[in-house]
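Dear colleague,

Please find the sequence and structure below, handed over for your review.

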Amino acid sequence: MSRIAYVNGRYLPHCDAAVHVEDRGYQFADGVYEVCEVRGGRLIDERRHMERLVRSLSELRIAMPMSLRALSVVLHEVVRRNGVRDGIVYLQVTRGVAKRDHAFPPNGTRPAIVVTASRIDPARTERFAAEGIAVVTVPDNRWDRVDIKSIALLPNVLAKQAAREQGAREAWFVASDGTVTEGSSSNAWIVTAGREVVTRKADHSILKGITRTVLLEVLKAHDLTLVERPFTVAEAMGAREAFITSASQTVMPVVRIDGQPVGNGAPGLVASALRADFGRYTEKS
Ligand code: PDD
């Protein structure tokens, strides 16, 4: 099945799907995005992803390109036209097309929107989960509003590449005080010897992951204690378990940090149980 993208009102074959050279996303990374998991052809937690989109847009004073209802139709239509049963749907909104000038474009400039969908082989993700993944640490050199899901991802790109070059699947950003903020495209968690589940508070220093939000419900159901506080790299290396969360991976066990094994070097029981149960707590649409 050939791939189709939605670009500013039209469903186009990928080979014809393009944005203008003066799209402000292209020139200034002046835009935001969302990634929603697709399972069995249905969108996972669409409502929460759209709430976060509305917040990101409003923080940057970019207008909604269309109503949420219309957007939902487009998201589902792109998934359908691409025949995606398991994978992701990607949505990007920029401040639109205008003559290059750093300041906002003239009033009435329409935001630009792109939606794509792609397949992810669930068996491959399961294999990673069964083995656990390695992470490396990198200095957190991002701006101080990473709670906004902006398309300006250069530090994240460099961090992920650093991970790949060291045979790891993810990079954890480390703040100047030695604490882990989050992954290049995921939130970071540890499980302590006392079985407390620790993750950073969702302030301006991390993206408030939708998977993170849903996982808080799963923790309650599993009678696990959540502690929202920073943790250091050394604490994570000595923790009983570590894991990451993101829309495309849900709960993914971490078994090595900078080459050091976490716990006994195998996926932890808590992370595996949370992963197994996660789907029961998501909304499907
Ligand atoms: N990334 N932190 C960062 C920096 C992220 O980019 C992401 C998501 C998350 C987890 O958020 P959520 O649980 O809502 O997926 C945390 C997406 C998947 C991406 O960029 O592909």
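In this predicted model, the largest cavity is lined by Glu37, Ile44, Asp45, His49, Ile210, Thr211, Ser246, Ala247, Thr250 and Phe278. By class, these lining residues comprise four nonpolar, four polar and two charged. Domain 1 (4–120) and domain 2 (125–281) each contribute at least three residues to the lining. The space inside the largest cavity amounts to about 70 Å³.

The search of the whole structure returned two cavities of 30 Å³ or more. Six of the lining residues of the second largest cavity are nonpolar, one is polar and two are charged.

I also draw your attention to the packing of helix H6 (residues 210–221) against helix H8 (residues 269–278): their axes lie 10 Å apart, at an angle of about 105 degrees. The two helices, H6 and H8, are therefore roughly perpendicular to each other. On the H6 side, the contact is formed by Thr211, Val214, Leu215, Val218 and Leu219, and on the H8 side by Leu274, Asp277 and Phe278. Of the residues in this contact, six are nonpolar, one is polar and one is charged. Thr211 of H6 and Phe278 of H8 take part in this contact and also line the largest cavity.

With kind regards

Methods:
Residues are numbered from 1 along each chain as its sequence is written. This is a predicted model: local features need pLDDT of at least 70, side-chain atom pairs count only at pLDDT 80 or more; totals for chains, interfaces and linings use all residues. Side-chain values use heavy atoms; hydrogens and water are left out. Axes are lines fitted to C-alpha atoms, for helices over the stretch in contact, and angles run from 0 to 180 degrees between N-to-C directions. Helices (H or I, at least four residues) and strands (E, at least two) are DSSP runs, numbered from the N terminus. Angles under 35 degrees count as roughly parallel, over 145 as roughly antiparallel, 65 to 115 as roughly perpendicular and the rest as oblique. Contact means heavy atoms within 4.5 Å. Ala, Val, Leu, Ile, Met, Phe, Trp, Tyr, Cys and Pro count as nonpolar, Asp, Glu, Lys and Arg as charged, and the others, Gly among them, as polar. On a 1 Å grid over the protein atoms alone, a cavity is a set of points where a 1.4 Å probe fits but cannot get out, and a pocket is an open set with protein on both sides within 12 Å along at least five of seven lines; lining residues have an atom within 4 Å of a point. Grid points are joined across faces, edges and corners, and a volume is the space filled by probe spheres set on the points. Domain bounds come from an automatic or database domain assignment.
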